[in-house]
Amino acid sequence: MKMIRPGAHGAWLLLMAAMLTCAQAAPAPLTLRQAIQAALAANPDLAGFAYELRAQDARTDAADLRPAPTLSADVENILGSGDHRHLNDAEATFTLSQVVELGGKRAARVGAARAGRALITVTEQAAQLDVLADVTRRFIHVAADQEQFALTRKATALARETVQMVNLRVQAAKAPQAELRRARITLARAEVEQEHAEHELRTSRRRLAALWGDGEARFGRVAADLYRLPRPAPFEDLLARLDRNPDFVRFASEARLRDAELRLAEARRRADITVSGGLRHLEATGDQALVVGVSLPLGAGRRAAPAIAEASALHALTDAQRRAAEVRARTQLYALYQELGHAITETRLLQDRVLPEMTAALDETRDAYQRGRYSYLEWVEAQREFIAIRRSLIEAAQNAQVFQAEIERLTGEPVAAQ
């Protein structure tokens, strides 16, 4: 899967324009590419990343600020007793102090903030990949539900045809009335299944539209060939693509963030110096004097030790989490690859061998029943087998497409061999 980032809701506007153009006629069919572009442009879950990036930019600007100077005023020897009862011996001192950062703390703060922004960017890419995979899964679900709905309509048509055939045999006194009643029951059940499939299709269509923030499915059919099976690349090639997945790139970005945090914690072992200077006024004599001071906090190294230990532990934790994620991803990729291969084999077998044979058998059974050579039960059983095989074919093809989408999400790239 290739990441596509359309600008300023452009893809969504194109999609809406296409739909409005066909509003007087049938709604325009929806392609997977259109669905992906619309979701990436207007997905509610992706909208928050722009604000996160703006907030992180503000944190970076704050980290780049130097410590603010401090202006202070002190008045001594006032409102006491004896000669100090009033302001006669007052001493007023006005000072301006400035913290001088040592050890590269400012650069370390900025580096940590920028690493945090890079982590948000990679997280956004992973979230986009999640949305892309979710769109693909729901798109496939809609395509499969379309096929299931068409199949239930076929089953209803067969059941209705059976009622007509049985009715003719009953009128000709070649079948009992009970067979007609059973045929009508089968037709009623088929109509219920058709209605249920229609509701399932409506639900899956709305769930797809929700990915670009639309409360209704304003598109027509999804334009998808459910039976166009993927040709997966060799497993070793897919395994090599795991490192390019944003999930693992995110671990690398997080490791850089931990490095920056560790450098910042180590920089705080060196104490900052506060330099001050000002003017003192002695009320008793009217004299002025300069005041200069330097202060240095003690024990900075000891106070920084816990933060250094925490940053080191978090750095090691990130490495451990990455190794664990790699093991899980490799195992999951292998399982998905095996399931994909099985689904492809099952789909081809059903499509190329089983379904043609069953279709021919259904036609032959219909002819034999009409001539009175087969019983009602044999005709109904042939219909059931035909519908069951068609349903199994839809499910197998759907599984193949879904497993393909899951592997694409895991590797971050299409699985088809080039």
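**Figure 1. Salt bridges in the predicted model.** In total, 12 salt bridges are found in a search of the whole structure, which is a predicted model.

**Figure 2. The salt bridge between Arg138 and Asp134 lies within helix H4.** The closest N and O atoms of Arg138 and Asp134 are 3.2 Å apart. Both residues belong to helix H4, where four residues, or about one turn of the helix, separate them. Arg138 and Asp134 are both buried. The pair also takes part in a network of salt bridges that links Asp134, Arg137, Arg138 and Glu406.

**Figure 3. Asp214 and Arg218 form a salt bridge.** Here the closest N and O atoms lie 3.0 Å apart. Asp214 has a relative accessibility of 9% and therefore counts as buried. Arg218, with a relative accessible area of 42%, is partly exposed.

**Figure 4. A salt bridge joins the side chains of Glu326 and Arg322 in helix H8.** The N-to-O distance of this salt bridge is 3.1 Å. Because Glu326 and Arg322 are four residues apart in helix H8 (residues 300–370), about one helical turn separates them. Glu326 counts as partly exposed, at 22% relative accessibility. Arg322 is likewise partly exposed, its relative accessible area being 24%.

Figure 5. Although Ser97 and Val275 are 178 residues apart along the chain, their C-alpha atoms are separated by 5.4 Å.

**Figure 6. The second largest pocket and its lining.** This pocket has a volume of about 460 Å³. Its lining consists of 15 residues, and those nearest the centre of the pocket are Ala155, Thr186, Ala190, Glu193 and Arg384. At least two lining residues come from each of helix H4 (105–171), helix H5 (177–209) and helix H9 (376–411). Helix H9 gives the most, with six residues. By residue class, the lining comprises eight nonpolar, three polar and four charged residues.

**Figure 7. The largest nonpolar core and a separate core.** The largest nonpolar core has 60 residues, and Val135, Leu208 and Trp212 have the most contacts inside it. Helix H2 (32–42), helix H3 (44–63), H4, H5, H8 and H9 each supply at least two residues of this core. The most is given by H4, with 19 residues. Another core, of 18 residues, lies apart from the largest one; among its members are Leu333, Tyr337, Phe403 and Leu410. In soluble globular proteins, nonpolar side chains tend to be buried together.

Technical notes
Residues numbered from 1 in each chain as written. Predicted model: local features only at pLDDT ≥ 70, side-chain atom pairs only at ≥ 80, totals over all residues. Heavy atoms only, no water. 1 Å grid on protein atoms, 1.4 Å probe; cavity = no way out; pocket = protein on both sides within 12 Å on 5 of 7 lines; lining within 4 Å. Points joined across faces, edges and corners; volume = space filled by probe spheres on them. Nonpolar A, V, L, I, M, F, W, Y, C, P; charged D, E, K, R; others polar. Salt bridge = Lys/Arg side-chain N within 4 Å of Asp/Glu carboxyl O. Buried < 20%, exposed > 50% of the residue type's maximum accessible area, 1.4 Å probe, protein only. Core = buried A, V, L, I, M, F, W, Y, C linked by side-chain atoms within 4.5 Å.
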